[in-house]
Amino acid sequence: MILEIDFNSDEAYYIQLCNQIIIGIATERIHEGEALPSVRQMAENIGINMHTVNKAYSVLRQEGFVKLDRRKGAIVSLETDKMRMLEEMRRELSVVLARGVCKNVSKEEVHKLIDEIYQDFAGGQG
């Protein structure tokens, strides 16, 4: 598993790590049941503080992407709560779409972009 932190980004390191792990799951580079590296290993591999990795793993647990096990560490475990996910997507997409509208991005351009991105994650299904 190759994860990289953009140390020049304004985005918090733990958010970058969470997002990369979620994208890894969506693109099937990381599979359900797979153990993520220990907090110490992950911190050493990508060059960030252990507390930052711990925070990322905690957020992933809260969002239903991993389960934390004292013996096995962080295990990818996808809890299904579709209604909650759709509501979260609505909140986050609302802001992104509002920004696009302000910059004159058309509905057709948004649909095309979403189809392209979804295709990457769905592995060509749908």
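The model is predicted.

**Helix H1**

Helix H1 spans residues 13–26 and has 14 residues. From its first C-alpha to its last, H1 reaches 20 Å. That is close to the 20 Å expected at 1.5 Å a residue.

H1 has a buried side. Gln 16, Leu 17, Cys 18, Ile 21, Gly 24 and Ile 25 are buried in H1. An α-helix has 3.6 residues a turn, so residues three or four places apart point the same way. What do the buried residues of H1 pack against? They meet helix H2 (39–46), helix H3 (50–62) and strand S2 (73–76).

Just after H1 comes Glu 28, with a positive phi of about 65°.

How many disulfides does the structure hold? The count is zero. A disulfide is a covalent bond between the sulfur atoms of two cysteines. Cys 18 belongs to the buried set of H1, whereas Cys 102 counts as exposed.

**Surface patch**

A nonpolar patch lies on the surface. Met 83, Met 85, Leu 86, Met 89, Leu 93, Val 96 and Leu 97 form this patch. Leu 97 is partly exposed because its relative accessible area, 37%, falls between the 20% and 50% cut-offs.

**Accessibility by residue**

| Residue | Relative accessible area | Class |
|---|---|---|
| Cys 18 | 4% | buried |
| Leu 97 | 37% | partly exposed |
| Cys 102 | 65% | exposed |

Methods:
Residues are numbered from 1 along each chain as its sequence is written. This is a predicted model: local features need pLDDT of at least 70, side-chain atom pairs count only at pLDDT 80 or more; totals for chains, interfaces and linings use all residues. Side-chain values use heavy atoms; hydrogens and water are left out. Patches are made of residues with over 30% relative accessible area and no salt bridge: like charges are joined within 9 Å, nonpolar side chains (Val, Leu, Ile, Met, Phe, Trp, Tyr) within 5 Å. Accessible areas come from the Shrake-Rupley method with a 1.4 Å probe; for residues, only the protein chains shown count as cover. A salt bridge is a side-chain nitrogen of Lys or Arg within 4 Å of a carboxyl oxygen of Asp or Glu. Buried means under 20% relative accessible area, exposed over 50%, partly exposed in between (1.4 Å probe, protein chains only). A disulfide is a pair of cysteine sulfur atoms within 2.5 Å. Helices (H or I, at least four residues) and strands (E, at least two) are DSSP runs, numbered from the N terminus. The expected span of a helix is 1.5 Å times one less than its number of residues. Contact means heavy atoms within 4.5 Å.
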